[in-house]
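Work through the exercises below with the sequence and the coordinates open. Each task is followed by its solution in steps.

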Amino acid sequence: MSSAADTQGQSRASRGQWRLTGVLYVLLLAAAATLTGVFAGAGWWWLMAFVGGLVLFAGAGLRAAGVSRSLSPVFSALILIGTLTAIFGGGAGFLLVIPTPSSIARLLELAGQVVPTISTQGVPAQPVEELLFLLAAGTGLVALALELLAVALRLPAMAGIPILMVLSVPVIFLDGGINLFWLVLCIAAYAWLLRIDVRMRRFAPRGAFASISAAASVIVVALIVAVTAPGFAPDGSIPFSVSGVIVGNGVNPLIDLGKDLRRPQATTVLSYSTTSTDQAYLKLTTLDRFTGATWTHARSETKALPDDDSIGPAPGLNDSVERTKIRTRVSVGDLRSPWLPVPYPVLGVHGQTGAWTWAPRDLTIASTSASAGQQTYSATSLIVKPSEEQLRAANSFIPQSVRADLELPGSVPTIITKAAEKATKGATSEYERAVALQNYFRNSGFEYSLQTPLEQGYDGDGLAVIATFLTKKSGYCVHFASAMAVMARVLGIPARVAIGYLPGTGTATDSSGRTVYTVTSDELHSWPELYFAGVGWLAFEPTVGQGVVPSYTIPQSDPSGPAPTSTATAGASAPTPSTGSRLPDQNGSASTPGATTTDATLPALLIVLAALILALLPAGSRLIVRRRRRSRVITGELPASVAWRELRDTARDLRAPMYSTQTPRAFADHIASRLRDPNDTDALTRVRDAVEREAFDRQAPPDTDERRALVRDLDAVVAGLYRDAPTMARFVARFSPVSLVPALPGSDGSRSAHNA
């Protein structure tokens, strides 16, 4: 009979474990779904669902096979490692799933690409391989945390912490914050999780009410964050990456520049003086990988800045091309960026603080630990002055290092290819085609507008957006730069998009008499760079009314070539000064772009604070209960009974076996075996004796001195139980005290002998 009951109990426990795992999986899927909008497409979600399900249900299967709860997370972690090796290890794993040095190197390489890719991705981000690796690994770790907390440690309420970490991502990256449907589903799954745990622990309905109350507290915190965090307001948040790329005043290095430019107040970003008689753009980075939906920065080799701070040479630049070496002194303000703004091509920097690297492929200067903000440094650069003959003579030879800058997705809209062919009709060289493309945008009825793309739904830089832009002929620098770069690639000219600042406005002079230029946040800009054999990368300016038209794009000979009618004066040896970014939009109203000091870290801090409150709430509540009981021992009725209840609850928190039928003497004998200090054992005996005296004679309450002695004995026993308990048991008792949840009526927080 007893064997049949045990078998039935084990069956119920097994079903409960599978239900618990199923609810954890639903909770994980709902949390993953809140990332919709952060990443493009849906394939990433299926990857998260696969990896999370594999980890969770593998752990459940292991426990069903007899593996202990404490060991199943270890095996689940090994399964996760094998899964990542099979998916992202490049086939180098032994038997595909067992890591080898080659597969580990591949995984580390992908991990190293995550931060640079995030830094240059827009929202929604394209799920390139390194981001898929991040999602898979992150999902696996969250699943492991859920299994560890809810199953191994039996702390299902704590499972909300890793889920809150997932929910913080859309808060930070999306203007609208978390989709309300997925948020509600997460909350419902969390409440369901607690209910499943209640049933597995065989608590009474009163205990179930306590667990649901805990879930309700999570709901309240989540809704408070939803209402107050800037990420939930349409205009409250700005894109933010884990590397702290850009927050506050300055540039968003993602291609989503419109959000920065449309902000109402411009702020000073930096100032500089230069030995050059020509103004120059200050470049931050280049976006050279085009997925068809957005431009991103392809990871390339980087080198630490040498002791003499010199870098180079400029890619593709021959010695025969005329160049002038200049020196630029830059003082950066509140710009927070991992890239130093410098004129291109830069040959060296000096005076900056922090660890910086440079990329031979595009000469960008970057750091993973430092920021450009509050830096003052000097940059040595070149003003490249190729002759018209050199540019016309540039042949179609493309080195291996540049061939990737010709890549396009499989299908390019016909309107783009036809526009490129029409704009360059009659051109006989790459140079003529490049100039013709620039003039096509500047002289074919295109208008500069920050609002039109947003209002008409084609804001961005992908192929579909470019096709619409060519029809509407209204946009801002992102549209002009990305359209010209794609059309150049269609014509066989390597092209990429640069991100940086316009030259600024002269506002003062320094001690040497040089003009000091001030650059504001509304002079954030993007422009295309095209590659010519023997000359290297050259900047072009297709954006109407913006920036400077390079002098080398104004042909002085061969009138039979395309007839550009640039906005710059023909024959000018210096570029036209920047006009800034405050230009009329299509309706004639002046747009005043700029940046504000919105703190993008606030949503993340609120999420972390909410998680900490939830984590510490049980511990704080238990501490309050203990202090109140100590006070009642001093001043209340039945002090010994109150002290005894506190002692039993402490033992229960420490997961000591207890039975509802135990007498005080039997319980004390059992607890005494857990105490190593004889003084603690003696204190336990005195508390037990006080309880027994009080049970037989309630008419003679103890005096104040006896009450204080009872409190001292209680404190000694409680301290001894904690001191002599295992570390994990102490942690669980403090942060997940089960005594807060009432047990079966009449059990006094204990379990029956049958359930022991």
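**Exercise 1. Determine how H5 and H6 are oriented to each other and which residues make their contact.**

Solution. The axes of H5 (residues 129-152) and H6 (residues 160-173) cross at roughly 155 degrees and come within 8 Å. Axes here are lines fitted to C-alpha atoms, for helices over the stretch in contact, with angles from 0 to 180 degrees between N-to-C directions. Helices (H or I, at least four residues) and strands (E, at least two) are DSSP runs numbered from the N terminus.

Next, list the contact (heavy atoms within 4.5 Å). H5 contributes Val142, Ala145, Leu146 and Leu149, and H6 contributes Pro162, Ile163 and Val166. Sorted by class, this contact holds seven nonpolar, no polar and no charged residues. Nonpolar covers Ala, Val, Leu, Ile, Met, Phe, Trp, Tyr, Cys and Pro; charged covers Asp, Glu, Lys and Arg; the others, Gly among them, are polar.

The model is predicted: local features need pLDDT of at least 70 and side-chain atom pairs pLDDT 80 or more, while totals for chains, interfaces and linings use all residues. Residues are numbered from 1 along each chain as its sequence is written, and side-chain values use heavy atoms, with hydrogens and water left out.

**Exercise 2. Decide whether E13 is enclosed or open, and name its partners.**

Solution. Seven of the seven residues of E13 (residues 495-501) are buried, so this strand is largely enclosed by the rest of the structure. Buried means under 20% relative accessible area (exposed is over 50%, partly exposed in between; 1.4 Å probe, protein chains only). One side carries Ala495, Val497, Ile499 and Tyr501, the other Arg496, Ala498 and Gly500. E2 (residues 282-287) is joined to E13 by five bridges, antiparallel, with Thr285 partnered by Ile499. E16 (residues 524-532) is joined to E13 by seven bridges, also antiparallel, with Arg496 partnered by Glu529.

**Exercise 3. Locate the largest nonpolar core and the residues with the most contacts inside it.**

Solution. A nonpolar core is a set of buried Ala, Val, Leu, Ile, Met, Phe, Trp, Tyr and Cys residues joined through side-chain atoms within 4.5 Å. The largest has 81 residues, and those with the most contacts inside it include Leu470, Met487 and Phe532. H15 (residues 477-490) supplies the largest share, eight residues. A second, separate core of 43 residues includes Leu80, Ala136, Ala150 and Ile163.

Then examine Leu470 and Phe532. Leu470 is among the buried residues of H14 (residues 463-472), whose cover includes H11 (414-423), H12 (430-442) and H15. Leaving aside neighbours within four places in sequence, Phe532 is in contact with Leu391, Ala394, Glu430, Tyr431, Ala434, Leu538 and Phe540.

Definitions and conventions
Angles under 35 degrees count as roughly parallel, over 145 as roughly antiparallel, 65 to 115 as roughly perpendicular and the rest as oblique. Two strands pair if DSSP finds at least two bridges between them.
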